[in-house]
Amino acid sequence: MRAAEDRLLLGCLRLAGAAAGSIVLLIVAYLLAEALPALQALGPLRWIRDASWHPAGGAGAGRFNLSPMLIGTAAAATGAVLLATPLSIASALFCRFYAPRRLGGGYRRLVQLLAGLPSVVFGFWGLVVLTPLIGRWQPPGQSLLAGILILTLMILPTISLLAESALAAVPRAYGQAAAAMGLTRWATIRQVMLPAAITGLSSAILLGAARAIGETMAVLMVTGNVVRTPASLLDPVRTLTANIALELGYALELHRSALFVSGLLLMGMVALLVGISEALRPEERHG
Amino acid sequence: MDRRPWPDGLAAALAWGVAMGITAVFGLVLADLLRHGLPEISLGFLLEAPREAGRAGGIGPVIVSTLLILAVCLLTSLPIALATAVLLAEFSHGRSGFARLIRASLDGLAGVPSIVFGLFGNALFSLALGLGFSILSGGLTLACMVLPILIRSAEQALREVPSDYRRAAAALGISQAASLRQVLLPCAAPGLAIGVVLGIGRALAETAALLFTSGYVDRLPGSLLDSGRALSVHIYDLAMNVPGGEARAYATAVVLVVLLLVANALTLGIAELWRLDGGTSR
């Protein structure tokens, strides 16, 4: 009787596990199914060769060039990663090596809090405070630059927290050996700690990049959303994510399908970054 | 070599400067929200229905919709998450292939961008299953999204229960099911609670996944099949689509951030209690 009860339990657990595990497959399947009509009707090249993005006219009259959005996403994410990486690493170093213990703990809590703030709140703050500020200098203010700055603010806590745990994973003995050899704190960090943690740090940065590419609301609210390849930091841009958020509400048929193609593209880019990041991460402590 | 003191001083100054800068920006954002948002908030604002597209009135129905979406999300995700966590923590000896597959898939799920959840939820729940733009669609979409967080933290909580307890239960001859019910889950309860609060935080903060699943309707929902507007969506709509909606958007943002801060304080509180408790019982 006992065995029967346990067998039943295990069966239920396996069922739930299978359900949880299959959701990501379900997502890919639905994206593919919805993207297929556009992929079939338009082929692989029209996404970058068409004259513009005017997707409402069907396969004949419609124009499906996604490259302004691809460039927008790439530019915003690259800018944010370039800006956030040194800041996050400095922030992680502060937490780990420079702050007194209690202050470091409080600071970490603050960064965790920052990581949990909704993107729509960042976006709103960017819209009402940051873009007018940029606009006063160079109108209109809703620009690639605003997007980069807000994204930086959003991925900074993520990278910082992960970088800190990468630094924490460096064996204590390394630091002690460096101290025994009389290295100063900065020399220890530069010559021992950072090199020892480099895979973990890279993993953190890649995850930050993935977050930047996938971020929707904050970017949507500050970048102006004009479909045009930006010529400067102060031009408005539209990212892939913002494009979906703006158009899914009224998109029909091939247009809708094209938005799922861009979703698939996003998912592919993010999965690639997350995959590399997971592979780099120092040995997991599962089991 | 680096014996000269100046790079050390410079590095320390930079680290302190960056940390202070981040703290300052964070403080600036919060202060700005509070300064503009707090004066708008009153009991009436929390209870009344929005008028003039949200420029006037309150956010009563929006709060109700948010809570309903959250309830749907938790009621569907919690059982699955708990069962999966038990499977991974208690029944997967070593590194079985099935467990590894589930873990890899959950890691993948955790990385999916929220707008892609929106596409997926719209395609599956709203259209294929015919739920339309509804609280049910939104809640189910969020359930998929918070699953990895819930499972990860529940698994962690179960793993922190000392193995002696399992051996003691086994020595008493009670079944694994009973030991789970009577020993392991109660012991892991605080950790499980932390996971739930983390999940709530993530769900409350979400916007993009809800735009095309639970929709924009700001009336009080009559059933779970009605569209309902979440707090985050309300902020977005007021800020972007309603000229003059800024003041109420500020106020709504304050409500949302306060809810998240409460959730955050709750996790810290539970963690603290748990640590004290663990210190005495171990």
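Is Leu83(A) buried, partly exposed or exposed? Select Leu83(A) in the viewer: at 38% relative accessibility, this residue counts as partly exposed. Here buried means under 20% relative accessible area, exposed means over 50%, and partly exposed lies in between, with a 1.4 Å probe and protein chains only.

This is a predicted model, in which local features need pLDDT of at least 70 and side-chain atom pairs count only at pLDDT 80 or more, while totals for chains, interfaces and linings use all residues. Residues are numbered from 1 along each chain as its sequence is written, chains are lettered from A and ligands numbered from 1 in the order in which they are written, and side-chain values use heavy atoms, with hydrogens and water left out.

**Stop 1: helix H4 of chain A**

Leu83(A) sits in helix H4 (residues 67-98) of chain A. Helices (H or I, at least four residues) and strands (E, at least two) are DSSP runs, numbered from the N terminus.

Leu93(A) counts as buried, at 7% relative accessibility. Leaving out residues up to four places away in sequence, Leu93(A) touches Tyr98(A), Leu167(A), Ile189(A) and Leu194(A). Contact means heavy atoms within 4.5 Å. For a distance, pick the C-alpha atoms of Leu93(A) and Gly182(A): they are separated by 20 Å, and the two residues are 89 apart along the chain.

**Stop 2: the core**

Select Ile27(A), Phe124(A) and Leu33(B), the residues with the most contacts inside the largest nonpolar core, which has 182 residues. A nonpolar core is a set of buried Ala, Val, Leu, Ile, Met, Phe, Trp, Tyr and Cys residues joined through side-chain atoms within 4.5 Å. From chain B, the core draws at least three residues from each of domain 1 (12-40) and domain 2 (43-281). The domain bounds come from an automatic or database domain assignment.

Centre the view on Leu33(B). Residues up to four places away in sequence aside, Leu33(B) touches Val121(A) and Phe124(A) in chain A, and Leu38(B), Tyr250(B), Ala253(B), Val254(B) and Val257(B) in chain B.

Colour the two domains of chain B separately. Their C-alpha centres lie 28 Å apart, and eight residues of domain 1 are in contact with eight residues of domain 2.

Next, show helix H10 (residues 231-241) of chain B, where nine of the eleven residues are buried. Among them are His234(B), Tyr236(B) and Asp237(B).

**Stop 3: salt bridges**

How many salt bridges does the structure hold over all chains? There are 14. A salt bridge is a side-chain nitrogen of Lys or Arg within 4 Å of a carboxyl oxygen of Asp or Glu. Side chains of opposite charge can pair when their charged atoms come close.

- Arg46(A) and Asp50(A) meet in a salt bridge at 3.1 Å, N to O; Arg46(A) is partly exposed at 21%, whereas Asp50(A) is buried at 12%.
- Glu247(A) pairs with Arg238(A), with the closest N and O atoms 2.8 Å apart, and both residues are buried.
- Glu90(B) pairs with Arg166(B), with the closest N and O atoms 2.6 Å apart. Glu90(B) lies in helix H3 (residues 60-90) and Arg166(B) in helix H7 (residues 163-171) of chain B, so the pair ties together parts that are 76 residues apart in sequence.
- Arg103(B), Glu155(B) and Arg159(B) are linked in a network of salt bridges.

**Stop 4: backbone**

Most residues other than glycine have a negative phi, and most peptide bonds are trans. Select Pro139(A) and Pro140(A): the peptide bond between them is cis, with omega near 5°. Pro140(A) is in the loop between helix H6 (119-137) and helix H7 (144-168) of chain A.

Then select Glu253(A), whose phi is positive, near 45°. Glu253(A) lies in helix H13 (residues 253-280) of chain A and is exposed, at 73% relative accessible area.

End at Ala53(B), where phi is near 60°, again a positive value. Ala53(B) is in the loop between strand S1 (50-51) and strand S2 (56-57) of chain B, and is partly exposed at 42%.
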